[in-house]
Amino acid sequence: MPNDAIERAPARLDATGLNCPMPLLKAKKALNELAPGDQLEVIATDPGSVRDFRVFSEQSGHALLVSRQEADRYYYLLQKAS
């Protein structure tokens, strides 16, 4: 099986308990360490992160594949731009 056919699990970032702008800043740092096309899963508790991650993906070119809320937690799945 060629290496590019192997799907890697997303990197994970737990930003629970952090307030704006820390979840986004930590996500940016984590994305910088990933290869193009890799994914980053982020868990946050800051309600402001919803807008932050949406605007960040629009401006940066990284794809926001998932943005959902469950109780007091926010879950995001970002894919690093190629």
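A residue is called buried when its relative accessible area is under 20%, exposed when it is over 50%, and partly exposed in between, with a 1.4 Å probe and protein chains only. The model is predicted, so local features need pLDDT of at least 70 and side-chain atom pairs count only at pLDDT 80 or more, while totals for chains, interfaces and linings use all residues. Residues are numbered from 1 along each chain as its sequence is written, and side-chain values use heavy atoms, with hydrogens and water left out.

The protein contains 2 helices and 4 strands. Helices (H or I, at least four residues) and strands (E, at least two) are DSSP runs, numbered from the N terminus. In order from the N terminus, the elements are β-α-β-α-β-β. The protein is as compact as a globular protein of its length, because its radius of gyration of 13 Å is close to the 12 Å that the globule rule gives for 82 residues. Here the radius of gyration is taken over C-alpha atoms, and the globule rule is 2.2 Å times the number of residues to the power 0.38. Along the principal axes, the C-alpha atoms fill a box of roughly 40 × 25 × 20 Å.

Of the 82 residues in the protein, 32% are buried. The exposed surface comes to about 5,300 Å², and carbon and sulfur atoms supply 49% of it. Accessible areas come from the Shrake-Rupley method with a 1.4 Å probe; for residues, only the protein chains shown count as cover. A contact means heavy atoms within 4.5 Å. Among contacts between residues at least 6 apart in sequence, 68% join residues at least 24 apart.

Phenylalanine 53 counts as buried because its relative accessibility is 0%, and tyrosine 76 counts as buried at 1%. Helix 2 also holds serine 57, which is buried at 13% relative accessibility. Beyond residues up to four places away in sequence, serine 57 touches His62 and Leu64.

Proline 23 is found in helix 1 and is buried, with a relative accessibility of 2%. Residues up to four places away in sequence aside, proline 23 touches Leu13, Ala15, Leu18, Ala44, Asp46 and Phe53. Leucine 18 lies in the loop between strand 1 and helix 1 and is partly exposed, at 25% relative accessibility. Apart from neighbours within four places in sequence, leucine 18 is in contact with Pro23, Lys26, Thr45 and Asp46. The C-alpha atoms of leucine 18 and glycine 61 are 43 residues apart along the chain and separated by 24 Å.

Isoleucine 43 belongs to strand 2 (residues 39–44) and is partly exposed, with a relative accessible area of 22%. Its contacts, leaving aside neighbours within four places in sequence, are with Leu13, Asp14, Ala15, Thr16, Arg73, Tyr74 and Tyr75.

Two features of the backbone remain. Most residues other than glycine have a negative phi, and most peptide bonds are trans. The peptide bond from cysteine 20 to proline 21 is cis, with omega near 10°. Proline 21 is in the loop between strand 1 (11–15) and helix 1 (22–32). Alanine 71 is not a glycine but has a positive phi of about 55°. Alanine 71 sits in the loop between strand 3 (63–70) and strand 4, and counts as exposed at 70% relative accessibility.
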